[in-house]
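Q: I have a protein model open and want to learn to read it. Where do we start?
A: Let us take one feature at a time.

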Amino acid sequence: MAVPILLYHHIGTPPKAGIPGRSNYVTVEKFTRQMHVLKRIGFQGLSLKEAMPYIRGQKKGKVAAITFDDGFLSVYQDAMPVLDELGFSATNFFVSSRMGLDNSWDNERSQRDKIMTFDEMRDWAAHGHEVGGHTLDHLHLKDIPLEEAKHQITENKHQLEKELGTSIISFAYPFGDENEAIQSIVKNAGYSFAVTTVKSRAHGNEGDFELPRHSIRRNDTILHFLAKCLLR
Ligand SMILES: [Zn+2]
């Protein structure tokens, strides 16, 4: 069965119209409703690493992988309690040089939001959620020399593992920027799988380093949300 891998960024009130990245905000109320609907239709929300056996067809069951990019504090404060209450787990992909700071890699007109500290990241993991890699500085990996891309990918992994005290196996390409060379760097760095921003459910035949995801948007209705989980 195809597995939806859902992608969220910010949980909270969106900035006003015209601000770049506005569609990447989902309010707490909307997120809560989406997670409750998922539960009600019989889905278990899982981190990417826990969902992989279902994607590969080794386990059977209705599951959705829940992922967050960039490690925003709003996810820790407002999404984690919802996930915990439902017994869901999720993955957050961290930009390790920005911990405790903000998303200053984004368009200069976009809103700046706080990123979790390493302590908050450890607490995220202590609640049963997964820590994944998202490079050191959130650069466009296709626009920089391969050596630099390698540094961005491997040093981020080492830093997160050092802070966490365990190994990490899931990676997300910043801006969804990837190609074959970047995929092999991620693989050689010791990751087991990586997610892109290709819009589809995962069918298990995509290749472990190009898993598609459905981005959940600010203006998605519950029907859009269900279509991403069940149909597309
Ligand atoms: Zn990102």
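Q: How close do the axes of helix α1 and helix α7 come, and at what angle do they cross?
A: Keep in mind that this is a predicted model. Two packed helices are described by the angle between their axes and by the distance between those axes. Here the axes of α1 (residues 28-40) and α7 (residues 222-230) come within 11 Å. They cross at roughly 50°.

Q: What does that angle make α1 relative to α7?
A: Angles under 35 degrees count as roughly parallel, and 65 to 115 as roughly perpendicular. The crossing at roughly 50° therefore makes α1 oblique to α7.

Q: Is the crossing of α1 and α7 left-handed or right-handed?
A: α1 passes α7 in a right-handed crossing.

Q: Which residues meet where α1 and α7 touch?
A: From α1 come R33, Q34, M35, V37 and L38. From α7 come I222, F225, L226 and C229. Sort the residues of this contact by type and you get 7 nonpolar, 1 polar and 1 charged.

Q: Which residues of α7 are buried?
A: Buried means under 20% relative accessible area. In α7, that label goes to F225, L226, A227, K228 and C229.

Q: What do the buried residues of α7 pack against?
A: Their partners are β1 (5-8), α1 and β10 (214-215).

Q: Which residues are the protein donors of the zinc ion?
A: They are D70 (OD), H134 (NE2) and H138 (NE2), lying 2.1 Å from the ion. Their spacing in sequence reads D-x63-H-x3-H.

Q: Why does the pair D70 and H138 tie together parts that are apart in sequence?
A: Look at the two loops. D70 lies between β5 (63-69) and α3 (73-86), while H138 lies between β7 (130-133) and α5 (146-164), so the pair links parts 68 residues apart in sequence.

Q: Are D70 and H138 buried or exposed?
A: D70 is buried, with a relative accessible area of 4%. H138 counts as buried too, at 6%.

Definitions and conventions. Residues are numbered from 1 along each chain as its sequence is written. This is a predicted model: local features need pLDDT of at least 70, side-chain atom pairs count only at pLDDT 80 or more; totals for chains, interfaces and linings use all residues. Side-chain values use heavy atoms; hydrogens and water are left out. Donors are N, O and S atoms within 2.8 Å of the metal (3.2 Å for Na, K and Ca); water is not among the atoms, so sites may look incomplete. Helices (H or I, at least four residues) and strands (E, at least two) are DSSP runs, numbered from the N terminus. Buried means under 20% relative accessible area, exposed over 50%, partly exposed in between (1.4 Å probe, protein chains only). Axes are lines fitted to C-alpha atoms, for helices over the stretch in contact, and angles run from 0 to 180 degrees between N-to-C directions. Angles under 35 degrees count as roughly parallel, over 145 as roughly antiparallel, 65 to 115 as roughly perpendicular and the rest as oblique. A crossing is left-handed if the near helix is turned anticlockwise from the far one by less than a right angle, and right-handed if clockwise. Contact means heavy atoms within 4.5 Å. Ala, Val, Leu, Ile, Met, Phe, Trp, Tyr, Cys and Pro count as nonpolar, Asp, Glu, Lys and Arg as charged, and the others, Gly among them, as polar.
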